[in-house]
Amino acid sequence: MLETKLEYLVQLLTLSKRPVVYSGAGISKAAGISQAARGVGKGGRKGLDALPTFTHYGLGALANAGYIHNWIQQNHDGLPQKAGFPQESINEIHGSWYDPSNPVVSYGGSIKDDLYPWLSQEASTADLVLVLGTSLGGLNADRVAIDAALRSRKERNYNGGGALGMVIINLQQIQQDGKSTIRIFGQSDDVLENVLKKLNVPSPMLK
């Protein structure tokens, strides 16, 4: 079953014209960051000292190979950029530890006015959204993934330019699972390693 889902995911990435990543705190835990908004790394290291995981490097490699258009990032940690993801293609909607012009806001706070139009555009135009490390628990930004999923149900024209929906890669069940085009229960590191191999994208680092 997992192999079938991975093959299907590769087909979607190949078909997609505007694929987007939507990620939360879960993909940074393996880097030693305990929470998205605040975080102390393993052994007392501060979040600023954290290093990217294979997931971050894998998504960076997919972006550089043309398979990822933009990344909507709930976290503040700068790990996508450290892994080579283009700065101009990442929307850090809740702020950044590294960008004084984009201070961190609480998850109950407002998204910055200059980032909201970009978020809205992705919600309206992304044809495929990879959801990693987030439970889609009701944040405003969740619409990026959910809107793509709803459009895919209406259009049902995968090969003709219609929306492809959302793919959720997560270990635990979440409320929005039933809206996904593909639901993969697994470690994002393992999933992306296999996807890179199937797409013949060179692996960016050894696990």
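The protein has 6 helices and 6 strands, with helices (H or I, at least four residues) and strands (E, at least two) taken as DSSP runs and numbered from the N terminus. Along the sequence they come in the order α-β-α-β-α-β-α-β-α-β-β-α. This is a predicted model, so to speak: local features need pLDDT of at least 70, side-chain atom pairs count only at pLDDT 80 or more, and totals for chains, interfaces and linings use all residues. Residues are numbered from 1 along each chain as its sequence is written, and side-chain values use heavy atoms, with hydrogens and water left out.

On the whole-protein scale, 51% of the 207 residues are buried, where buried means under 20% relative accessible area, exposed over 50%, and partly exposed in between (1.4 Å probe, protein chains only). The protein exposes about 9,600 Å², and carbon and sulfur atoms supply 51% of that; the areas come from the Shrake-Rupley method with a 1.4 Å probe, and for residues only the protein chains shown count as cover. As for contacts (heavy atoms within 4.5 Å), take those in the protein with a separation of 6 or more: 62% of them join residues 24 or more positions apart.

Now for α6, which spans 188-198. Its buried residues are S188, V191, L192, V195 and L196. Seen down the helix axis, these residues fall within an arc of 130 degrees, so they line one face of α6; the arc is that of the directions from the helix axis to the C-beta atoms. An α-helix has 3.6 residues a turn, so residues three or four places apart point the same way. The cover over the buried residues of α6 includes α1 (2-15), α2, β4, β5 (165-169) and β6 (182-184).

After α6 comes N200, with a positive phi near 60 degrees. N200 is not a glycine, and at 70% relative accessibility it counts as exposed. L136 also has a positive phi without being glycine, here near 50 degrees. L136 sits in the loop between β4 (128-132) and α5 (143-155), and at 3% relative accessibility L136 counts as buried.

Another loop, the one between β1 (19-23) and α2 (54-64), holds S28. S28 is buried too, with a relative accessible area of 2%. Setting aside neighbours within four places in sequence, S28 is in contact with I33, H56, N75, D77 and L79.
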